[in-house]
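Me: I have a structure to read. Please show me how to go about it.

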Amino acid sequence: AMTADGAGAAPRGSPEASLDPDHLYNVLFVGDSHVGKTSFLYRLHADTFNPHLTATVGLDYQIKNLVVDNKRFALRLWDSAGQERYHSITKQFFRKADGVVLMYDITSEHSFSDVRYWLSCIQEGAEDGVAILLLGNKTDCAAERRVPTKEGERLAEEHRLMFYECSAASGQNVSESMVSLIRLLKAHEDKLKNKAEEVPKPPQKKKGCCW
Amino acid sequence: PPLHFHRGGTRELLRALQRYIILDPSPLDGRLFLAYPQDSGTLPQSFDRLQFLDDGGNDLVSRFIHDPYATTFGGFSKVTNFFRAALRPPESPIHTRTPQDPSLPPQSDEEPGFELITCGVELGPKPDVTRGPPLDKWEEFLDSEGRVTCPEKIKELVFRGGITHSLRKEVWKFLLGFYPWNSTAKEREDILRVKTDEYFRMKVQWKSVSEEQEMRNSLLRGYRSLIERDVNRTDRHNTFFSGNDNPGLTLLHDVLMTYCMYNFDLGYVQGMSDLLSPILFVTQNEVESFWCLTGFMELVHQNFEESQEAMKQQLLQLSILLKALDPELCDFLDSQDSGSLCFCFRWLLIWFKREFSFEDILTLWEVLWTRLPCENFHLLIACSILE
């Protein structure tokens, strides 16, 4: 019961999917410490901003149900610790992920330059063709911006990533980016399904325990 | 009237008595036995504590009294092979003997006299356990020079009932190894003086690093920036850390920075601020909280190591325990792709700090610091939460 609980409730005003979703995706949130991964998830879940959320240690997770294009989706959202010390735990999870949200802080150049490090982790650990969303968080802190939108766009283009700037504090682009990610995940799933129907089923990589 | 046994024979007497009555060592004094009539149906308390399995009552009870260690672990060995892996302390190798040693049977897993059952075992009904009152006396446990006369008794009382809040400040320093149990009051004054000097010597080390120096020290810079961010988000609801410019925040910051100098290889790892905050809240003292933190870290530092081996090991042990205790839950978790128990990572990393109220954590930690009844007791706590 512990696993399915977490954050079942949807934010106000957002359509709630029923208990039995049509599609279930594992989405892993990565990025440097303090870029706002937990705050983003808190906004998605409770539609408010909490400036005093404690640092994530190891992994945390919640379930988010959404209806997109008349289909019910359940997202299993894995929140990871940003500190490098915990990366060996996080890395185990790349294999499980259908999608990865890679977040940086637009007020921190360091967090942006670490995006390349995180991409290499994804490349190393995740399944080929995993859906990746690059998110530049904290657009509400416009005065302290250090990473221009253009740079984020350029990086996303170079690596063919979906890209948004957002703010967990104001709520800007929080649901929008998730809906886009869902569409991407769905398209990816459909493509895999079609492929599977054409050729004899390839041996699937074993999913299961994370160590 | 007192009976004297000049040539031994106390054990024989106890054995003979056990044919007629149930004997139970007093929880307050191991040398004192409480006698129960056979038919009273009262299960001895100290046995209740360890009764994992229903093993037919009296025979096990008397063996327990006769030789609690062997009987308890003999009982454990029956629980299943699963338990053996989980109950082994992390450092101890599986086989301490070498196969070359001719005097010992080669690599035998079976201890003589103990039965090993490898399949699942039905656990007996759970015993009723009641918590004791918190430890609320201290002076009377000290001798004239201030030594703690019976540390084991203190630990037992703390294990059963925790510590009354006003005494925590004193007793935690013993539980966390800042003061040895057998130190005199005078020796403790000296320890405090030496440790105070040592603390401030290490504090000066990071305090005196100039901005330019720090520019060339990415490790220190990294630790500092993480600490600054985490101090701002650790237990801010607690009055000791709430509001801006609260002196508690500075203490949290300074003690964590000094810990980096104390153990630079480990440095600061997220989660450590959670370990320090209750200690700081109780001791209300920079130097004492620092040394208590080092004592706590002695128990858990492996949790924070880069390889995360200790954490993986504990999660594995937890899943082994759970397989024996609640196979159905295990199956369910497996079906939900959660059999690896990753969601318990945080529980074990910082000893449930984020899962309970601040007040409850004070009690839970002092209970766990006694290391009773076994080092891996926190895994059993995790099991009971899952239940």
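Me: What should I know before starting?

Reply: This is a predicted model: local features need pLDDT of at least 70, side-chain atom pairs count only at pLDDT 80 or more, and totals for chains, interfaces and linings use all residues. Residues are numbered from 1 along each chain as its sequence is written, chains are lettered from A and ligands numbered from 1 in the order written, and side-chain values use heavy atoms, with hydrogens and water left out.

Me: How many helices and strands does chain A have?

Reply: Helices (H or I, at least four residues) and strands (E, at least two) are DSSP runs, numbered from the N terminus. Chain A has 5 helices and 6 strands. Their order from the N terminus is β-α-β-β-α-β-α-β-α-β-α.

Me: What is the strand order in the sheet?

Reply: Two strands pair if DSSP finds at least two bridges between them. In chain A, an open sheet of 6 strands runs β2-β3-β1-β4-β5-β6, with mixed pairing. β2 (59–68) and β6 (162–165) of chain A are the edge strands, each pairing on one side only.

Me: Which strands pair with β4(A) in the parallel sense?

Reply: β1 (residues 23–30) of chain A does, over 4 bridges. β5 (residues 131–137) of chain A does too, over 7 bridges. Look at A:V100: its bridge partner is A:L28, and it also stands opposite A:I132 in β5(A).

Me: Is β4(A) buried or exposed?

Reply: Buried means under 20% relative accessible area, exposed over 50%, partly exposed in between (1.4 Å probe, protein chains only). In β4 (residues 99–105) of chain A, 7 of the 7 residues are buried, so the strand is largely enclosed by the rest of the structure. A:G99, A:V101, A:M103 and A:D105 cover one side, and A:V100, A:L102 and A:Y104 the other. For chain A, buried residues make up 49% of the 211.

Me: How do α14(B) and α15(B) pack?

Reply: Axes are lines fitted to C-alpha atoms, for helices over the stretch in contact, and angles run from 0 to 180 degrees between N-to-C directions. Angles under 35 degrees count as roughly parallel, over 145 as roughly antiparallel, 65 to 115 as roughly perpendicular and the rest as oblique. α14 (residues 309–325) and α15 (residues 327–335) of chain B pack at about 125 degrees, with axes 5 Å apart. They are therefore oblique to each other. Contact means heavy atoms within 4.5 Å. Residues making this one include B:L322 and B:L325 of α14(B) and B:L329 and B:L333 of α15(B).
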